[in-house]
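Subject: Structure handover

Hi,

Here is the structure I promised to pass on. Please open it first, then read my notes below.

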Amino acid sequence: MTARVALIVAERDRVANALRSSGWSVPDAQANFVWLPAGAFAAPLAVAMERRGVVTRAFPDIGIRITTAEASANDQFLAALDAAAAELEINP
């Protein structure tokens with residue numbers, strides 16, 4: 001269990017740092033998810049990512065909750081977010 005928790009924490013931090021490096025404003029996380037304050041773009045962004053095979057939890061007009069998973073799933077999320085943001089012309 002300890003090893004699994006350490007893996008999730010490391011991945012959560014990696015995802016948060018990748019988002020920040022891309023220009024997103026991401027608060028520090030304390031759980032197994034990262035919060036992406038996307039405002040009015042939350043719902044359309046979540047739909048665009050779903051079309052790319054990535055499911056998130058959108059809170060319309062507020063943000064998106066991204067559950068931290070294994071590295072490959074997190075990489076898939078980051079790629080889907082970049083593509084969806086470009087499609088929707090979101091410049092974080």
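One definition before we start. Angles under 35 degrees count as roughly parallel, over 145 as roughly antiparallel, 65 to 115 as roughly perpendicular, and the rest as oblique. Keep in mind that this is a predicted model.

Now the helix pairs. Two packed helices are described by the angle between their axes and the distance between the axes.

Start with α2 and α3. Helix α2 covers residues 42–50, and helix α3 covers residues 71–87. Their axes come within 9 Å and cross at roughly 120°. The two helices are therefore oblique to each other. The crossing of α2 and α3 is right-handed. Which residues make the contact? From α2 come L45, A48 and M49. From α3 come F77, A80, L81, A84, A85 and E87. Eight of the residues in this contact are nonpolar, none is polar and one is charged.

Next, look at α1 and α3. Helix α1 spans residues 2–21. It packs against α3 at an angle of about 15°, with the axes 10 Å apart. That makes α1 roughly parallel to α3. Here too, the crossing is right-handed. On the α1 side, the residues are E11, R14, V15, A18 and L19. They meet A71, N74, D75, F77, L78 and L81 in α3. This contact divides into seven nonpolar residues, one polar and three charged.

Last, the largest pocket. Its volume is about 160 Å³. How many residues line the pocket? There are 13, and V54, V55, T67, A73 and F77 lie nearest the centre. Both β3 (63–67) and α3 supply at least two residues of the lining. The largest share comes from α3, with four residues. By class, the lining has six nonpolar, five polar and two charged residues.

Best wishes

Note on methods
Residues are numbered from 1 along each chain as its sequence is written. This is a predicted model: local features need pLDDT of at least 70, side-chain atom pairs count only at pLDDT 80 or more; totals for chains, interfaces and linings use all residues. Side-chain values use heavy atoms; hydrogens and water are left out. Axes are lines fitted to C-alpha atoms, for helices over the stretch in contact, and angles run from 0 to 180 degrees between N-to-C directions. A crossing is left-handed if the near helix is turned anticlockwise from the far one by less than a right angle, and right-handed if clockwise. Contact means heavy atoms within 4.5 Å. Ala, Val, Leu, Ile, Met, Phe, Trp, Tyr, Cys and Pro count as nonpolar, Asp, Glu, Lys and Arg as charged, and the others, Gly among them, as polar. On a 1 Å grid over the protein atoms alone, a cavity is a set of points where a 1.4 Å probe fits but cannot get out, and a pocket is an open set with protein on both sides within 12 Å along at least five of seven lines; lining residues have an atom within 4 Å of a point. Grid points are joined across faces, edges and corners, and a volume is the space filled by probe spheres set on the points.
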